[in-house]
Amino acid sequence: MQEQIQAIRGMGDVLPPDSALWQHVEGTIRGVLLDYGYQEIRVPIVERTELFKRSIGEVTDIVEKEMYSFDDRNGMSITLRPEATAGIVRACMEHGLLRNQRQKFWSTGPMFRYEKPQKGRYRQFHQFDVEALGYSGPDIDAELIIMLARIWRLLRIEHVSLQINTLGTTESRVQYRADLTAYFRTRFDQLDEDSRRRLERNPLRILDSKNPDMQGLIADAPRLTQYLDAESEAHFNGLRALLDDAGVPYVVNPRLVRGLDYYGRTVFEWVTDRLGTQGAVCAGGRYDGLVEHLGGEPTPAIGFAIGLERLVELYALAGLGAPYRVPDVYVVAVGQAATRTAFRIAESLRDGAGALRVETNCGGGSFKSQMKRADRSGATVAVLLGEDEVASGTAVVKALRAEIEQTTVPMAGLADAIAVHLRARP
Ligand code: ATP
Ligand code: MG
């Protein structure tokens with residue numbers, strides 16, 4: 001016997017019935033985004049490594065240790081996308097979509113990060129990504145958040161809460177950065193290894209540390225809010241007013257940061273306490289400096305990414321299930337001639353005015369075993385075809401969910417006979 005090949009660690013399959021939950025969650029999000037006027041954009045799953053290095057930043061977890069990078073056959077370094085923003089911004093610039101224009105885009109698909117696999121953290125995972133480019137906000141910032149609140153409501157997800165913060169502008173962070181660096185430098189012996197490494201190149205990222213031993217030090221560190229410029233403060237107040245008007249509750253978390261210079265002003269995160277340690281379900285923020293950083297014209301922009309594995313898990317915990325499309329009709333056919341008739345009538349029922357959902361028995365089987373499958377399919381009625389029916393040009397219509405006596409009808413009357421059953425359906 002050959003050894004069986006297994007999936008790669010941290011890269012999961014989505015099987016039925018879970019795939020129906022995914023369909024429902026993704027379909028709900030997609031519907032809301034279309035209603036708000038966002039359009040789909042699809043970008044490649046691999047890009048040049050350089051794109052991610054430049055857009056995500058060299059001193060980040062992703063670029064330092066999480067990227068799936070390799071050389072293609074021509075020796076070019078390419079990377080499986082760890083997130084979607086870089087590719088979308090690249091595509092916008094490449095196709096001239098940002099010249100004096102505003103764009104509201106969404107995209108979804110797999111992302112890849114070489115992390116330690118655990119519950120809620122995988123090496124292939126999926127995001128629903130939204131980017132609004134050319135908008136300086138704070139109206140669009142509020143729209144994104146209000147739209148997310150609607151998505152949670154439609155999915156009847158209750159246990160998520162919103163944290164927001166403002167990072168100010170790059171200029172306003174210069175003094176903060178200096179003071180923060182000085183603060184940590186005088187406490188160098190208390191820093192863990194990661195934080196020591198981050199100190200010179202990216203001190204804001206120390207605030208993001210998940211190490212419990214570091215939390216006291218971080219709590220006493222200088223706060224960014226004290227350094228905020230007036231315009232950023234007005235922007236933040238504008239966002240808060242719109243959220244208050246919409247009745248979307250939030251807490252301001254001054255430690256919610258992004259370490260990179262082209263991030264600024266609004267950052268937000270939706271978190272839950274229901275999924276253990278991997279509690280961030282959606283993260284977003286403003287990246288007004290990114291387009292310019294990638295060689296384009298200065299373009300304000302904001303976006304977010306929903307982690308779908310975590311969201312689907314949260315949805316599954318509520319036990320609401322997913323709408324399951326059962327067939328209207330299951331066609332049972334015993335024998336070769338009956339099978340040919342079954343295929344013909346199944347197609348005509350699908351074409352007909354009622355556009356019925358029809359499942360045809362494939363794989364043969366006795367009358368009894370086919371009836372079992374018909375029952376399991378959840379169909380409302382079964383159409384039964386055997387040698388006798390084929391010979392006489394009739395079909396038997398049998399109710400599967402109601403106490404209605406079965407009838408034998410001529411082929412020409414089949415659609416009407418089925419319609420009577422479907423109308424009687426609860
Ligand atoms: P974390 O701090 O948990 O590593 P992150 O800051 O790396 O998160 P983002 O890059 O902001 O995460 O990604 C947005 C969302 O994508 C996260 O809030 C999370 O829901 C999801 N996500 C990120 N990494 C993973 C992963 N490895 N597996 C599953 N979902 C993920
Ligand atoms: Mg991460």
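Begin by selecting the shell around ligand 1, which by class holds 7 nonpolar, 3 polar and 5 charged residues; here Ala, Val, Leu, Ile, Met, Phe, Trp, Tyr, Cys and Pro count as nonpolar, Asp, Glu, Lys and Arg as charged, and the others, Gly among them, as polar. Bear in mind that this is a predicted model, in which local features need pLDDT of at least 70 and side-chain atom pairs count only at pLDDT 80 or more, while totals for chains, interfaces and linings use all residues. Residues are numbered from 1 along each chain as its sequence is written, chains are lettered from A and ligands numbered from 1 in the order in which they are written, and side-chain values use heavy atoms, with hydrogens and water left out.

**Around the ligand**

In total 15 residues surround ligand 1, and the closest of them are R113, E115, R121, K210 and A280; a residue counts as near the ligand if one of its heavy atoms lies within 4 Å of it. Now colour by secondary structure, where helices (H or I, at least four residues) and strands (E, at least two) are DSSP runs numbered from the N terminus. Strands β6 (124–133), β10 and β11 (301–307) each supply at least two residues of the shell, and β10 gives the most, with 4 residues.

Next, display the atoms that approach the ligand, looking for polar contacts, that is, pairs of N or O atoms within 3.5 Å; within protein, one must be able to donate a hydrogen and the other to accept it, and residues adjacent in sequence count only if both atoms are side-chain atoms. An N or O atom in the side chain of R121 is 2.7 Å from an oxygen atom of ligand 1, and a polar side-chain atom of Q127 lies 3.1 Å from an oxygen atom of the ligand.

**From β10 to β9**

Follow β10 (residues 280–286) to β9, to which it is joined by 5 bridges, the two strands running antiparallel; two strands pair if DSSP finds at least two bridges between them. In this pairing E269 stands opposite A283 in β10. Strand β7 (residues 161–166) also pairs with β9 in the antiparallel sense, over 6 bridges, and T266 in β9 is the bridge partner of T166.

Is β9 (residues 266–271) mostly covered or uncovered? It is mostly covered, since 6 of its 6 residues are buried, where buried means under 20% relative accessible area, exposed over 50%, and partly exposed in between (1.4 Å probe, protein chains only). Show its side chains, and T266, F268 and W270 point one way while V267, E269 and V271 point the other way.

Zoom out to see the domain assignment of the protein chain, which gives domain 1 (18–169 + 229–317) and domain 2 (329–424), with bounds that come from an automatic or database assignment. Taken over C-alpha atoms, the centres of domain 1 and domain 2 are separated by 49 Å.

Select residues 394–399, strand β15, which is largely enclosed by the rest of the structure because 5 of its 6 residues are buried. Strand β14 (residues 381–385) is joined to β15 by 4 bridges and runs antiparallel to it, with V381 opposite A399. Strand β16 (residues 407–410) is likewise joined to β15 by 4 antiparallel bridges, and here V396 stands opposite T408.

Then move to S377 in helix α13 (residues 367–377), a buried residue with a relative accessible area of 8%. A polar atom of the S377 side chain lies 2.7 Å from the backbone oxygen of A374.

**Some backbone details**

Most residues other than glycine have a negative phi, and most peptide bonds are trans. Select N100, in the loop between α4 (85–94) and β5 (103–112), which has a positive phi of about 50° although it is not a glycine and is exposed, with a relative accessible area of 83%. Finish at P138, in the loop between β6 and α5 (139–154), where the peptide bond from G137 to P138 is cis, with omega near 5°.
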